Structure formats: structure tokens, C-alpha cells
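The stops below go from one chain to its parts, and then to the places where chains touch.

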4 protein chains.
Amino acid sequence: MTYTHPHTVRYLEVDAQGVVFNSWYLAWFDDAMTGFLAHRGLPYATMLESGHDVQLVRSEIDWRAGVGFQDAVDIAVSTARIGRTSFALDFEVRLDGTVTCAGRTVYVVVATDGSGKRTIPALIADALGKPAPLLPA
Amino acid sequence: MTYTHPHTVRYLEVDAQGVVFNSWYLAWFDDAMTGFLAHRGLPYATMLESGHDVQLVRSEIDWRAGVGFQDAVDIAVSTARIGRTSFALDFEVRLDGTVTCAGRTVYVVVATDGSGKRTIPALIADALGKPAPLLPA
Amino acid sequence: MTYTHPHTVRYLEVDAQGVVFNSWYLAWFDDAMTGFLAHRGLPYATMLESGHDVQLVRSEIDWRAGVGFQDAVDIAVSTARIGRTSFALDFEVRLDGTVTCAGRTVYVVVATDGSGKRTIPALIADALGKPAPLLPA
Amino acid sequence: MTYTHPHTVRYLEVDAQGVVFNSWYLAWFDDAMTGFLAHRGLPYATMLESGHDVQLVRSEIDWRAGVGFQDAVDIAVSTARIGRTSFALDFEVRLDGTVTCAGRTVYVVVATDGSGKRTIPALIADALGKPAPLLPA
């Protein structure tokens with residue numbers, strides 16, 4: 001199930017080339033991940049209260065076109081894969097229906113007490129739902 | 001005693017106007033504050049270990065000229081005022097000796113355990129030294 | 001006339017103290033300024049097309065309380081003062097109706113062709129409207 | 001030939017998890033790319049003056065461990081691959097000799113006049129030198 005997170009490009013995100021600087025895409029993916037989980041019934045605070053948090057272990061991003069100031073983009077998110085302690089989310093940045101950037105990020109589930117990786121609990125698995133990748137494997 | 005913190009303007013800091021976006025100046029002042037305290041014998045980690053931290057309560061910034069990508073600026077820092085629980089630092093962003101931006105930031109000393117304001121301890125007072133404002137009162 | 005710009009605190013904005021890092025407030029004020037002008041009939045692109053842009057010359061910020069991850073804040077904006085080539089906007093960050101941060105920013109109107117300051121054109125004066133400061137002078 | 005770009009972790013880069021937020025790594029890679037080219041005889045301004053610029057088309061990042069406030073990291077950069085219009089750089093973030101993060105970024109060479117892709121000119125090819133990947137293909 002795909003969730004879309006709306007974002008209007010901020011002045012500070014645009015660099016001297018007139019398009020959004022690359023690092024902001026990872027910030028957008030993070031916002032979209034939080035919105036996705038909340039939309040699927042798991043506010044981030046609830047996840048933390050359950051003793052779990054997520055950390056990035058890998059990210060791949062492909063840029064196809066730039067976006068500029070005040071562009072209203074949608075960041076689509078969908079579960080790509082669920083493993084034992086890690087899962088992947090797919091992201092697409094869409095402007096007027098065209099995908100300008102696609103990304104896949106792998107997260108590992110960790111304990112909030114610093115004791116390391118955890119098997120994905122039902123709380124998180126339920127929120128992630130059945131994988132429905134946006135990108136080819 | 002004035003400390004100067006060197007910084008080379010980053011590509012991402014420059015906006016579509018071709019100059020550094022305003023919010024980065026506060027980030028520079030923060031870096032310069034940390035460098036100033038360390039230079040004066042108080043690494044930030046040592047301050048935290050002593051149970052003290054600092055929080056911003058007020059900041060004033062005047063911009064006189066923009067700076068661009070790869071400009072090598074110096075951020076000068078000096079103690080402006082020391083009170084009972086708060087102190088002020090003055091900042092100047094200098095490019096080739098010209099002040100392009102000046103700022104004053106007021107910090108309050110707080111306990112790291114969340115219990116609120118603290119009288120400025122000797123550890124911090126010694127690092128701040130005798131006030132020598134860069135800006136007029 | 002006060003406009004309020006909604007913002008949900010992002011994970012990346014929160015620092016190791018558990019509250020939003022200071023520099024992001026200037027970024028929020030910038031977003032709110034753009035939203036304010038658009039709400040008042042002047043999209044930023046229209047201002048640029050008219051040959052005018054705005055640059056910050058001064059900003060004052062007072063922080064009264066921190067805000068944390070996922071807090072839904074409103075950034076209120078109102079015109080504080082209109083001069084010949086410059087104007088000031090007042091900002092308040094409000095969380096559940098309480099002002100956690102207040103700021104005033106002075107902008108100068110410049111030509112987009114790099115030729116410097118301009119008398120505030122009717123286009124911008126109309127959008128700014130009659131001054132109604134949020135903060136005491 | 002590997003170039004290393006030094007960076008001391010800034011307070012604002014550290015999030016509520018106590019480690020650097022993921023998006024800053026792309027910012028570091030960008031700084032390191034600029035430093036790498038300059039170190040190899042091609043200041044960014046010279047590249048722009050020649051009518052060429054670079055744009056990211058793909059980035060892969062693997063995180064192995066977090067880094068915290070004031071950690072002094074080195075960002076190593078090396079040319080991974082040179083094609084007709086694109087090239088790849090490898091990056092390693094090293095803390096006390098341990099690689100905490102590895103990345104590969106693909107750039108396409110474009111004309112600064114907005115007319116699109118360009119064959120990599122000698123100016124850039126010379127700066128990139130002979131490929132010496134840090135990461136496995």
C-alpha cells in the first residue's frame with residue numbers, strides 16, 4: 001500500500017544550480033517514512049515507547065530530474081521487503097505524476113536501550129504490511 | 001580574547017540568490033562557540049560531563065553583505081557579557097578582513113539532568129574569561 | 001493580518017538535547033514569510049518576475065521553550081513595519097497556543113538584476129498590508 | 001589516488017539518536033568531492049568557468065556504525081570509474097582508521113548553459129586521474 005507524503009520545495013533546499021541539493025532527498029525520505037508508519041497506525045513515538053527504533057544501513061538514490069523552489073512534490077513510500085531484523089522501503093519523488101527521483105532505503109530494527117538489533121516485532125511488521133515494491137528488485 | 005573559527009562556504013549553504021542562506025549563520029555561530037570554548041580550555045564534552053549545558057535564549061544577527069561558495073570566512077567569537085546564569089557571545093563573520101555579518105547570542109546555563117538553570121560554574125566562567133565585546137552594547 | 005504557517009517538527013531538526021536546533025527557526029521563518037506573501041496574493045515567483053527580491057538584513061530571535069519531534073507548531077507571521085526600501089515581519093512559533101519563540105526579521109527589497117536596493121513597489125506593499133506587529137517595538 | 005577530507009562532527013548534525021543524521025553524509029560527500037577536485041588541480045570555480053558542472057544521478061550509501069558529536073572523521077575520496085559523460089567517485093568515512101560508512105556517487109557532466117550532458121573534458125578527466133576504486137564493483 002503506497003502512502004504519499006506532500007512537500008513544497010523550500011527556498012533553502014535549492015542550491016546555486018537552481019534545483020534541490022541532493023542531501024535534502026534523504027531528509028524527505030525520512031519525513032515520508034515517519035508519515036508512512038503513522039499513516040499505517042504506528043506513530044514514531046509509539047514505536048519508541050515499545051522499545052524499538054530504526055536505523056539506516058543502506059540507501060540507494062537515483063535522480064532523473066531536478067525540482068525547484070515551490071514545486072509541490074509527492075514522496076511516495078511503500079514497503080519493499082521485510083526480513084528478520086531489517087526491512088526496506090521504496091520511495092519515489094513525483095512532480096505532476098512524473099518520477100523525478102527514486103530511492104530504496106534499508107532499515108534495521110534496534111532496541112532503544114542501545115543493546116542492538118531486534119527481530120522485527122509485530123507492531124512494526126503490521127505497520128509495514130505486505131511488501132509492494134515501487135522499484136524493481 | 002577573540003578566537004576565530006575558519007569556515008569555507010559549502011555548496012549546499014548557497015541558495016538560489018548565490019549567497020549563503022541566512023539560517024546557516026546560526027549554525028556557524030554554534031560551531032564557533034564550540035571551538036571558542038575548546039580553545040579556551042573547555043571542550044564541550046567536558047562541560048557536559050560536569051553536568052552543565054548551554055541553551056540559546058536570544059540571538060541578534062545583522063547582515064551587511066553576502067558570502068558565496070568557497071569563500072573562506074573567519075567567524076570571530078568573543079565574550080560580550082557574563083551574568084549569573086546567562087552569558088552573551090559576540091560573533092563577526094569576516095571575509096578578507098571585512099565584517100559581512102555580526103551577531104550576539106545569549107546563552108543560559110542549564111543542568112544536563114533537565115532540572116533547569118544553573119549559576120554559571122567556575123569551569124565555564126574561566127573559559128569565557130573577561131568580557132571583551134566585539135559589538136557595541 | 002496574521003497568517004499562520006503549520007509545521008510538524010522533523011526528526012533531523014531535533015538535536016542531542018532533544019529539542020529543535022536553533023538554526024532551523026530561521027528556516028521556518030523563511031518558509032512562513034513565503035507562505036505569508038503567497039497568502040496575501042504575492043507568490044514568490046510573481047515577486048521575482050516583477051524584478052524584485054528580498055534579502056535579510058537583521059533578525060532577532062527569542063526562545064522561551066524548546067519544541068520536540070513531531071510537535072505540530074504554527075508559525076504566525078505579521079507585518080511589523082514598512083519603510084522606504086525595507087520592511088519588518090514579526091514571527092511567533094506557537095505550540096498549543098503558547099508562544100515558544102518570537103522573532104523579528106528586517107528585509108530589504110532589492111532588484112533581481114543585482115543593481116541593489118529598490119523602493120518597495122506597490123506589489124509588495126499591498127501584500128504586506130497595514131502593519132500589525134506581534135511583538136512590542 | 002585517494003584524497004581525504006577532514007570533518008569534525010557538528011552539534012546540529014547529531015540527532016536524537018546521538019549519531020549523525022543520515023542526510024548529512026551526502027553533504028559531506030559533496031564537500032569531499034569539491035576538496036578532491038581542488039586537490040587534484042581543479043577548483044570548482046575553474047570547472048564552472050570552463051562551462052562545465054556536475055550533477056548527481058545516483059548515490060549508494062552503506063552505514064556500518066554511527067559517529068557522534070565532535071568525532072574527527074576523514075572522508076576519503078577516490079575515482080571509481082570514468083565513462084563518456086559520467087564518472088563515479090567512491091567515498092569512505094573513517095573514524096580512527098575504521099570505515100563507518102561507504103558510498104559511491106555517479107555524476108554526469110553538464111554544460112553550465114543548461115544545454116545538457118557533455119563528454120567529459122580533459123580538464124575534468126585529468127583531475128579525476130586513473131580510477132582506483134575504494135569499493136568493490
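## Stop 1: chain A as a whole

Select chain A and follow it along the sequence: the pattern is β-α-α-β-β-β-β-α. That comes to three helices and five strands. The model is a predicted one. The radius of gyration of chain A is 15 Å, close to the 14 Å that the globule rule gives for 137 residues, so chain A is as compact as a globular protein of that length.

Of the 137 residues, 40% count as buried. Now consider contacts between residues at least 6 apart in sequence: in chain A, 70% of these join residues at least 24 apart.

## Stop 2: helix H1 in chains A and C

Select residues 23-39 of chain A, which form helix H1. How far apart are its end C-alpha atoms? They are 25 Å apart, which agrees with the 24 Å that 17 residues should span at 1.5 Å a residue. H1(A) is mostly covered, with 13 of its 17 residues buried. Step past the end of the helix to A:Gly41, which follows H1(A) and has a positive phi, near 95°.

Next select residues 23-39 of chain C, the H1 helix of that chain. From first C-alpha to last, H1(C) reaches 25 Å, close to the expected 24 Å. H1(C) is mostly covered too, with twelve of its 17 residues buried. Colour the buried positions; among them are C:Trp24, C:Tyr25, C:Trp28, C:Phe29, C:Met33 and C:Phe36. After H1(C) comes C:Gly41, with a positive phi near 95°.

## Stop 3: B:His5

Move to chain B and select B:His5, which sits in strand E1 (residues 3-8). Is this residue buried or exposed? B:His5 is buried, because 20 other C-beta atoms lie within 10 Å and 20 or more is the cut-off.

Show what surrounds the side chain. Leaving aside neighbours within four places in sequence, B:His5 is in contact with B:Asp31, B:Ala32 and B:Gly35, and also with B:Asp74, B:Ile75 and B:Val77. For a distance check, draw a line from B:His5 to B:Leu26: these residues are 21 apart in sequence and 14 Å apart in space, C-alpha to C-alpha.

## Stop 4

Select A:Asp96, in the loop between strand E4 (86-95) and strand E5 (98-111) of chain A. Its phi is near 50°, a positive value in a residue other than glycine. A:Asp96 is exposed, with 9 other C-beta atoms within 10 Å.

Then select D:Asp96, in the loop between E4 and E5 of chain D. Here too phi is positive, near 50°. D:Asp96 counts as exposed, with 9 C-beta neighbours inside 10 Å.

## Stop 5: where chain D touches chain A

Show chains A and D together. In this pair, 16 residues of chain D are in contact with 16 residues of chain A. On the chain D side, helix H1 (23-39) and strand E2 (52-63) each supply at least two residues. Which element gives the most? It is E2(D), with nine residues. By class, this side of chain D has seven nonpolar, four polar and five charged residues.

Now zoom in on E2 of both chains. Five bridges join E2(A) to E2(D), and the two strands run antiparallel. Within this pairing, select A:Arg58, which stands opposite D:Asp62.

## Stop 6: where chain D touches chain B

Ten residues of chain D are in contact with ten residues of chain B. The elements of chain D that give two or more residues to this side are H1 and helix H2 (44-49). H1(D) has the largest share, four residues. By class, the chain D side has five nonpolar, two polar and three charged residues.

Finish with the symmetry of this pair. A rotation of 180°, with 0.0 Å of shift along its axis, superposes chain D on chain B (RMSD 0.0 Å). The two copies are thus related as by a two-fold rotation axis. To find the axis from chain D, select D:His7: its C-alpha is the nearest of that chain, 5.6 Å from the axis. The same surface serves both copies, as 100% of the contact residues of chain D recur in chain B.

Conventions. Residues are numbered from 1 along each chain as its sequence is written. Chains are lettered from A and ligands numbered from 1 in the order in which they are written. This is a predicted model: local features need pLDDT of at least 70, side-chain atom pairs count only at pLDDT 80 or more; totals for chains, interfaces and linings use all residues. Copies are superposed by least squares on the C-alpha atoms of residues with pLDDT of at least 70 in both. Two residues are in contact if their C-beta atoms, placed from the backbone, lie within 7 Å. The expected span of a helix is 1.5 Å times one less than its number of residues. Ala, Val, Leu, Ile, Met, Phe, Trp, Tyr, Cys and Pro count as nonpolar, Asp, Glu, Lys and Arg as charged, and the others, Gly among them, as polar. Two strands pair if DSSP finds at least two bridges between them. The radius of gyration is taken over C-alpha atoms; the globule rule is 2.2 Å times the number of residues to the power 0.38.
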